[in-house]
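Visitor: I have a structure on the screen and would like to learn how to read it. Can you take me through it feature by feature?

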Amino acid sequence: MTTDAPTIVWFNNTLRLADHPALTKAVATGPVVPVFVLDDQHAGTWKMGAASRWWLYHSLRSLGADLKKRGVDLILRRGDTVAVLTELATEIGAQAVNFTRDYEPGSGERESALKDALAEQGVACRRFKGRLLVEPEDIRTKTGAIYKVYTPFWRSLSSSIDIGPGSDEPGQIASCADEIESDDLDTWALCPTRPNWAEDWSNSWTPGERGARDRLDDFLDDGLKGYDTERDRPDHAGTSRLSPHLHFGEISPQAIWRATTVRNGGVASLDADRETFLKELVWREFSAHLLFHFDHLPNSAFKENFNAFPWKNDDAALEAWQKGKTGYPIVDAGMRELYATGWMHNRVRMITASFLIKHLLVPWQQGEAWFWDTLVDADLASNSASWQWVAGSGADASPYFRIFNPITQGQKFDPEGDYVRKWVPEIAKLPNKVLHAPFEADARTLDTAGVTLGKTYPLPIVDHSAARARALAAYEKIKG
Ligand code: FAD
């Protein structure tokens with residue numbers, strides 16, 4: 001049934017037009033008013049970080065342009081979401097508010113409050129799926145328990161998944177007759193200015209739905225073959241880099257699943273590369289499910305004994321890590337890649353996180369907070385679950401006693417040293433043999449490469465073997 005009263009589509013976490021059931025339904029019903037609300041208060045401690053704000057700015061610009069082409073303006077408002085949406089509904093005489101379900105802590109309560117406030121005005125409130133492959137309520141172990149281990153979660157999800165055909169972007173969208181006030185995106189100050197550390201980011205990222213689709217196509221054409229082994233190589237472009245697009249909902253996980261399995265003449269197949277890639281996608285899903293069921297995940301340890309771990313609050317060590325000046329090249333390369341591009345390769349995320357937690361004994365929450373501020377793909381569920389995975393305190397975590405050796409990790413995953421040479425140019429002239437451990441080079445080698453340890457490149461801030469022994473001794477105190 002169509003109506004003249006408009007439907008508000010609240011674009012909260014789904015900044016796209018295709019595969020967007022909340023939008024599809026609204027378009028079929030009558031005029032549509034698309035809205036984005038910047039609500040920093042709701043996010044509390046986990047207010048969107050600086051790098052994500054840069055992404056949001058560009059993603060909203062892209063979404064606004066896509067909507068405009070179809071005949072409607074994206075309305076931007078700032079403040080408490082429930083208050084903003086209910087006021088807007090009254091202002092324009094809306095008949096309904098449609099939105100995509102969110103799973104982060106506090107979202108369910110906010111959605112209920114919105115529903116109640118709208119009901120008082122006689123406005124319908126409709127919640128749709130669109131962010132996850134499977135709803136948290138729809139996946140349980142045989143005994144009805146919540147999955148806390150990844151592999152059975154993957155088995156259950158992959159054997160029962162039902163991916164529908166999806167929906168295309170709508171054509172023309174009917175607009176509302178009223179003139180509706182909107183903030184000017186530029187007044188939200190989402191992008192950095194002094195200094196503008198994101199100046200070059202548009203060269204490596206194209207936020208928005210088109211950028212997401214192009215990224216997926218490029219990856220399926222050129223990156224998927226060999227992904228099973230290449231994904232661990234930070235010196236190669238072996239992963240999809242879809243994470244920020246997924247986080248902002250510029251592409252659905254269903255669209256990725258469909259495109260990955262059904263390709264080359266529409267034949268569904270799942271070879272090793274495809275399966276490994278989909279398994280990674282399901283780590284995102286697993287993290288979201290964990291956070292949905294255990295909302296303390298970003299703040300305190302899943303395994304409670306880790307809350308009593310003898311951490312060291314060491315500001316100097318934290319700063320050396322953040323700035324990529326630890327004296328361990330693979331760690332420094334990763335931290336510099338993060339700051340320069342807003343992204344870091346997964347293997348290096350694991351190495352740098354392990355170094356902070358285990359070599360420096362800094363609480364994992366401090367690394368989590370830095371990633372939160374600096375990653376364009378910062379995602380409350382994936383970030384907290386991954387930090388806890390590395391710390392050993394998570395649901396299905398790497399055992400604490402498995403301590404990454406930053407030298408051998410570098411040698412194994414960046415064997416030619418291309419990654420380190422790119423991000424740590426001051427040691428680029430060192431030969432491969434000592435590139436991942438400059439402190440093991442003799443004086444002549446250092447001299448020939450123009451490296452003066454402690455001056456042009458830092459001496460290691462901790463000794464690997466001593467730090468390893470210290471970490472294991474600290475772990476003994478909470479092992480139980
Ligand atoms: P691909 O290898 O192409 O994988 C495809 C997709 O699968 C990714 O885009 C991502 O959505 C998902 N994915 C892959 N690996 C993981 C994983 N281990 N956990 C959850 N999802 C995964 N990922 C985020 O999206 N946001 C974060 O804030 C985040 N923080 C992390 C912090 C630490 C300490 C670590 C070790 C990992 C973190 N990850 C995070 C997971 C992972 O590093 C990134 O998802 C991945 O590097 C993104 O690159 P990609 O898109 O090229 O991945």
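Guide: We go through the ligand site, a helix pair, an aromatic pair and some loop residues. Keep in mind that this is a predicted model.

Visitor: Start with the ligand. How many residues surround the ligand, and which are the closest?

Guide: A residue counts as near when one of its heavy atoms lies within 4 Å. Here 26 residues surround the ligand. The closest are Tyr 227, Thr 239, Ser 240, Arg 241 and Asn 346.

Visitor: Which side chains have polar atoms by the ligand's oxygen and nitrogen atoms?

Guide: The cut-off for a polar contact is a pair of N or O atoms within 3.5 Å. Thr 239 has a side-chain N or O atom 2.6 Å from an oxygen atom of the ligand. For Asn 346, a polar side-chain atom is 2.7 Å from a ligand oxygen. Asn 383 places a polar side-chain atom 3.1 Å from a nitrogen atom of the ligand.

Visitor: How much of the ligand does the protein bury?

Guide: The ligand taken alone exposes 810 Å². The protein buries 95% of that.

Visitor: Which elements give two or more residues to the shell?

Guide: They are α10 (243-247), α12 (272-293), α15 (346-359) and α17 (380-391). Helix α12 gives the most, with five residues. By residue type, the shell divides into 13 nonpolar, seven polar and six charged.

Visitor: Which residues of α14 and α16 meet?

Guide: From α14 come Met 335, Leu 338 and Tyr 339. They meet Trp 370, Phe 371 and Thr 374 of α16. The contact divides into five nonpolar residues, one polar and no charged.

Visitor: What about aromatic rings?

Guide: A pair of rings is described by the distance of the centres and the angle of the planes. The count here comes to 31 aromatic pairs. One of them is Trp 55 with Phe 248. Their ring centres are 6.3 Å apart and their planes are at 15°, so the pair is stacked.

Visitor: Why does the pair of Trp 55 and Phe 248 tie together separate parts?

Guide: Trp 55 is in helix α3 (residues 50-69), while Phe 248 is in the loop between α10 and α11 (253-261), so the pair ties together parts that are 193 residues apart in sequence.

Visitor: Last, the backbone. What should I look at in the loop between α6 and α7?

Guide: Look at two spots. Pro 195 is in that loop, between α6 (150-160) and α7 (201-204). The peptide bond from Arg 194 to Pro 195 is cis, with omega near -5°. Ala 189 is in the loop between α6 and α7 as well. Ala 189 is not a glycine, yet has a positive phi of about 50°.

Notes. Residues are numbered from 1 along each chain as its sequence is written. This is a predicted model: local features need pLDDT of at least 70, side-chain atom pairs count only at pLDDT 80 or more; totals for chains, interfaces and linings use all residues. Side-chain values use heavy atoms; hydrogens and water are left out. A polar contact is a pair of N or O atoms within 3.5 Å; within protein, one must be able to donate a hydrogen and the other to accept it, and residues adjacent in sequence count only if both atoms are side-chain atoms. Accessible areas come from the Shrake-Rupley method with a 1.4 Å probe; for residues, only the protein chains shown count as cover. Helices (H or I, at least four residues) and strands (E, at least two) are DSSP runs, numbered from the N terminus. Ala, Val, Leu, Ile, Met, Phe, Trp, Tyr, Cys and Pro count as nonpolar, Asp, Glu, Lys and Arg as charged, and the others, Gly among them, as polar. Contact means heavy atoms within 4.5 Å. Rings of Phe, Tyr and Trp (its six-membered ring) pair if their centres lie within 6.5 Å; planes under 30 degrees apart count as stacked, over 60 as edge-to-face and the rest as tilted.
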